[in-house]
Amino acid sequence: TINVTPYHVTYDGNPHTAIGTATGVKGESLSGLDLGGTTHTNAGDYPSDPWTFTDVTGNYNDASGTVHDQIDKANATINVTPYHVTYDGNPHTATGTATGVKGESLSGLDLSGTMHTNAGDYPSDPWTFTDVTGNYNNATGTVHDRIDKANATITVTGYSVIYDGNPHTATGTATGVKGESLSGLD
């Protein structure tokens with residue numbers, strides 16, 4: 001009597017093998033059951049995993065069969081950290097990590113949808129995780145990023161003149177965070 005029990009687990013980075021028993025006519029355990037064909041580590045559906053029984057006593061018929069094993073994809077741990085900065089003229093992107101079930105770093109986290117240079121409130125910046133190993137579910141989400149307006153450097157030079165009947169105006173400049181001249185000084 002051969003009993004083989006398949007497995008249906010979530011990916012955990014470890015190898016899994018079906019379990020089974022071979023029992024003789026008097027209930028005794030028999031050796032010779034080979035379940036090596038049912039061993040898998042990566043996520044996948046394995047509908048025809050082979051097992052074999054080879055009798056070493058000479059009293060039983062050899063046997064073979066298949067079992068349906070399955071390892072479901074796991075969810076990666078995704079951490080995305082938004083930014084809240086003051087405008088500095090440089091592009092900013094959220095930071096993040098994708099981590100697997102054994103603490104390993106995973107590639108495939110795309111944060112390009114969170115990149116901004118100009119001041120603004122960005123409450124729904126998208127990120128995506130696309131698994132390249134086949135062991136993890138793809139994922140998406142949003143993060144709330146923000147770039148506050150900066151203060152321009154304003155320089156105003158007053159005037160001191162002797163009355164001459166003409167209008168006089170102070171002079172000034174407005175300079176941005178990268179030294180660029182800004183208009184709008186009134």
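The structure holds one aromatic pair. This is a predicted model, in which local features need pLDDT of at least 70, side-chain atom pairs count only at pLDDT 80 or more, and totals for chains, interfaces and linings use all residues. Residues are numbered from 1 along each chain as its sequence is written, and side-chain values use heavy atoms, with hydrogens and water left out.

Me: Which geometry do the rings of Y11 and Y136 have?
Reply: Rings of Phe, Tyr and Trp (its six-membered ring) pair if their centres lie within 6.5 Å; planes under 30 degrees apart count as stacked, over 60 as edge-to-face and the rest as tilted. The centres of Y11 and Y136 are 5.5 Å apart and the planes stand at 80°, so the pair is edge-to-face.

Me: Is Y136 buried or exposed?
Reply: Buried means under 20% relative accessible area, exposed over 50%, and partly exposed in between (1.4 Å probe, protein chains only). Y11 has 11% and is buried. For Y136 the relative accessible area is 1%, so this residue is buried.

Me: Which side chain meets R146 in a salt bridge?
Reply: A salt bridge is a side-chain nitrogen of Lys or Arg within 4 Å of a carboxyl oxygen of Asp or Glu. The structure holds one. R146 is partly exposed at 38%, and its partner, at 2.8 Å from N to O, is D148.
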